[in-house]
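Trainee: Could we go through this model together? I would like to start with the strands.

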Amino acid sequence: MMSPRSYGAGGVPAMAIRRRTMLKGMVGGAGALAGLPLLSACGDDSGGGGSAGGTVSFGSNWSDEVPKKGIQAMMDAYGKGKVDINTVDHNSFQENINNYLQGGPDDVFGWFAGYRMQFFAEQGLIGDISDVWSDIGGGFSDAMKQQSTGKDGKQYFVPIYYYPWAVFYRKSVWQEKGYEPPATMDDFTKLAGQMKKDGLTPIAFCDSDGWPAMGTFDYINMRTNGYQFHMDLTAHKESWDQKKVKDVFDNWKQLLPYQSPDALGLTWQEGAQALGTGKAGMYLLGSFVTRQFTDPAVLADIDFFPFPEIAVEGTDSVEAPIDGLMLTKKGGDNQAARDFLAFMGSAAGQEAYFSVDTSNLMTVKDADTSSYTDFNKKLAGVITDAKHISQFFDRDALPAMANNVMIPALQSFLKDGTVDTANLEAQAKALYAAQ
């Protein structure tokens with residue numbers, strides 16, 4: 001899964017990553033593996049393409065089965081040179097990204113748009129690819145270019161897909177029970193109450209990895225206070241210790257009785273299983289959740305609705321993280337790496353990925369979308385109709401704020417329904433002042 005979790009730049013201790021190894025289920029953080037070598041630029045998986053255009057080393061965090069195959073399909077379609085891919089467990093890659101970029105990185109690596117890209121650009125750890133954008137830029141919307149641009153006006157990122165976050169459900173379950181998509185928070189809460197009476201877990205909620213809860217916070221904040229307040233809060237242009245933030249948690253508190261009771265012990269994949277088997281009524285997550293539905297009948301039965309209105313009228317602010325590739329400083333002198341990035345930002349490259357993983361949407365305007373299902377088209381329409389697009393809290397905010405402050409605060413809130421906004425503000429003030 002190319003999940004939204006993306007920590008590590010803000011002082012997280014190094015967790016060792018061995019090349020040629022897929023690190024799964026790491027518990028306990030850096031201490032268990034301290035002193036082992038970090039990820040280095042050597043391939044561990046099958047390469048792609050021919051040999052005419054030079055060799056590129058590629059640090060990939062697409063470690064789950066389906067996206068890994070999607071990336072391999074892109075590499076197989078690339079015809080200008082050899083690509084040595086170094087695949088590492090997704091979460092481990094994120095947790096070590098700062099050390100990776102400052103150590104012996106690959107030429108190119110998988111990463112995220114927006115602030116998470118801009119952070120490393122400001123640190124001087126990634127390469128300027130404005131020249132690549134001069135060739136591929138016509139294939140992207142202005143919004144995609146904006147999300148790929150650093151604060152200095154240069155481009156540093158090639159977007160390859162995006163995935164809207166929405167509330168997913170099974171149509172057959174809803175038809176059987178007579179449920180209707182809710183338009184407002186009041187409707188949402190009433191529907192959840194009815195689902196609970198009907199013996200369902202109303203809202204699948206799984207936060208053992210720490211990042212999924214951020215999506216709920218983002219939507220409730222945008223629906224309560226508006227997109228601009230949300231973005232200003234993530235940038236610490238607004239204080240955390242104020243009524244508007246407390247209102248977010250008060251609104252969320254209405255939903256706590258209807259979320260999975262053991263949420264902190266469940267993975268996002270387990271939430272998908274609960275939805276797919278009809279045990280849960282709803283699930284707020286990115287469209288990548290559909291990768292878990294391997295039964296075609298179940299996949300065809302999945303639908304979604306936007307997170308409902310609260311205080312701010314409408315649902316025109318959408319969470320839709322964008323994933324893609326960047327060039328390291330080391331790779332800046334390798335023309336083959338720039339050629340590879342250009343291909344990954346082409347229609348041919350993205351069509352190759354989509355042929356394997358249809359849970360995400362292509363970012364290139366001239367990509368062939370004739371294979372889009374009605375479900376894909378509906379997802380794309382959400383973005384077309386959006387007035388504002390957020391990335392995800394751990395992409396829009398300072399990395400240390402997301403990892404060191406927000407995850408513990410949200411998990412504590414999920415346990416007992418309380419949050420100390422004064423403490424959030426004190427920590428945010430210290431972290432942002434240090435930047």
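**Strand pairing and burial**

Mentor: This is a predicted model. In it, strand β6 (residues 201–204) pairs with β7 in the parallel sense, over 3 bridges.

Trainee: Which residue in β7 is the bridge partner of alanine 204?

Mentor: Tyrosine 283 is the bridge partner of alanine 204.

Trainee: And in which sense do β5 and β7 pair?

Mentor: Strand β5 (residues 165–170) pairs with β7 in the antiparallel sense, over 4 bridges. Within β7, leucine 284 stands opposite valine 167.

Trainee: Changing topic: where does glutamine 118 lie?

Mentor: Glutamine 118 belongs to helix α4 (residues 115–122).

Trainee: Is glutamine 118 buried or exposed?

Mentor: Glutamine 118 is buried, because its relative accessible area is 17% and the cut-off for buried is under 20%.

Trainee: What does its side chain reach?

Mentor: The side chain of glutamine 118 reaches the backbone oxygen of threonine 149 at 3.1 Å. Neighbours within four places in sequence aside, glutamine 118 is in contact with Thr149, Gly150 and Lys151.

Trainee: Now α15: how many of its residues are buried?

Mentor: Helix α15 (residues 347–354) is mostly covered, with 6 of its 8 residues buried. Among them are Ala347, Gly349 and Phe354.

Trainee: What covers the buried residues of α15?

Mentor: The covering elements include α1 (65–77), β4 (158–162), α14 (335–344), β11 (361–362) and α16 (374–385).

Definitions and conventions:
Residues numbered from 1 in each chain as written. Predicted model: local features only at pLDDT ≥ 70, side-chain atom pairs only at ≥ 80, totals over all residues. Heavy atoms only, no water. Buried < 20%, exposed > 50% of the residue type's maximum accessible area, 1.4 Å probe, protein only. Helix = DSSP H or I, 4+ residues; strand = E, 2+ residues; numbered from the N terminus. Contact = heavy atoms within 4.5 Å. Polar contact = N/O pair within 3.5 Å; in protein donor to acceptor, adjacent residues only side chain to side chain. Pairing = 2+ DSSP bridges.
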